Amino acid sequence: MVVDTHCDTLKCLISEFTKPRDSMWDYREGMGERSDMGHLDVPRMIEGGVSCQVFAVSSERSRTRPFPLRTAMLMIERFYIECEAIPQLEPVTSYQGIIDAKGRGNVSGMLSIEGADVIEGRVEMLGVFHRLGVRMVGLVHSLRNQLADGVTDRRTGGGLSELGVQAVEELDRLGMIIDISHLNDEGFWDVMEHGNKPVIASHSNSRAVCDHPRNMTDEMIRALAENGGVMGMNFAPPFVHPEEATLGGVVDHIDHIVNLVGPDHVGLGSDYDGIPYTPKGLEDVTMMPDITKELVKRGYGKEDIVKILGGNHLRLIKEITG
Ligand SMILES: [Zn+2]
């Protein structure tokens with residue numbers, strides 16, 4: 001079972017993000033047909049052997065997206081329209097849902113929020129997103145919001161706000177996975193202090209391997225692991241290697257994390273369709289099996305490979321969402 005805890009494919013499907021409004025994303029009709037644009041659609045997911053993909057609902061405010069809550073709603077609606085149109089794609093909200101979809105020979109999609117400013121100051125809104133099927137929530141999307149400071153706020157070093165702490169408590173209560181990717185270091189430590197459950201870094205790598213503020217220090221990785229958490233390896237080239245990002249470079253991050261905290265805390269979080277270019281050897285989701293080949297080549301045993309490709313993420317999803 002391969003589980004990938006982050007992609008931005010929903011951005012390619014709504015006009016708020018696509019060209020000519022936003023320069024990064026080409027508009028696509030849907031995920032049901034194999035496309036030569038971007039990195040991920042359902043036929044390519046199946047070819048790449050991905051069983052469950054977490055689809056991010058992005059929320060950051062911008063000139064072309066002045067109403068983040070509306071944008072988030074449109075993305076969630078679009079996700080369900082895709083699931084209705086594509087028989088092989090099932091929306092899931094739990095571990096069992098992922099297993100059942102796989103049993104029917106289908107792939108599954110789970111919703112996450114990237115930047116909880118869409119709650120517009122009310123923690124009760126997290127319950128609304130839970131009812132809409134969202135099961136993973138990042139408090140911030142790099143820029144400071146009402147809940148926390150993001151990685152862009154490194155110099156002033158604020159962590160979570162009171163609302164951010166309340167959101168952590170509410171997410172724990174609701175059974176939604178807290179995603180610490182995009183938080184600054186202070187925010188990460190605040191989540192460690194105030195949360196009671198394992199958390200995910202859905203798409204973050206090791207800072208010791210590649211010095212980037214979106215990656216995690218060894219101290220942070222140890223704390224995440226002690227708490228039972230999992231990190232999904234991000235394929236964004238600047239987070240993989242400062243000069244030349246390759247598939248082997250992604251596996252170097254896996255090696256480092258396994259050496260540091262063992263094989264139970266690392267997985268995949270590609271960031272496909274959220275990155276303008278990819279590492280060599282990981283041009284789209286169909287290349288995922290080459291990660292397995294590289295792990296085999298480096299001497300990983302079957303049990304550890306199963307954990308890294310998805311077993312660890314599944315353990316976390318089971319523990320938090322049921
Ligand atoms: Zn992101």
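Hi everyone, let me open with a question: are E114 and H203 buried or exposed? Both E114 and H203 are buried, where buried means under 20% relative accessible area, exposed over 50% and partly exposed in between, with a 1.4 Å probe and protein chains only.

A quick word on where this comes from. This is a predicted model, in which local features need pLDDT of at least 70 and side-chain atom pairs count only at pLDDT 80 or more, while totals for chains, interfaces and linings use all residues. Residues are numbered from 1 along each chain as its sequence is written, and side-chain values use heavy atoms, with hydrogens and water left out.

Now to the zinc ion. Its protein donors are E114 through OE, H182 through NE2 and H203 through NE2, at 2.0 to 2.2 Å. Donors here are N, O and S atoms within 2.8 Å of the metal, or 3.2 Å for Na, K and Ca; water is not among the atoms, so sites may look incomplete. Along the sequence, the spacing reads E-x67-H-x20-H. E114 sits in strand β4 (residues 107-114) and H203 in the loop between β7 (200-201) and α7 (218-226), so this pair ties together parts that are 89 residues apart in sequence. Helices (H or I, at least four residues) and strands (E, at least two) are DSSP runs, numbered from the N terminus.

Let's stay with β4. Eight of its eight residues are buried. V107, G109, L111 and I113 point one way, and S108, M110, S112 and E114 the other.

Who are the neighbours of β4? Strand β2 (residues 50-58) pairs with β4 in the parallel sense over seven bridges, and two strands count as paired if DSSP finds at least two bridges between them. Strand β3 (residues 89-91) is parallel to β4 too, over three bridges. From β3 the chain crosses through helix α3 (residues 95-103) to β4, a right-handed β-α-β crossover. Right-handed means that, with the strands pointing away from the viewer, the path from the first strand over the helix to the second runs clockwise.

β4 and β5 also pair in the parallel sense, over four bridges. Here the chain goes through helix α4 (residues 124-131), and this crossover is right-handed. In strand β5 (residues 134-138), five of the five residues are buried, so the strand is largely enclosed by the rest of the structure.
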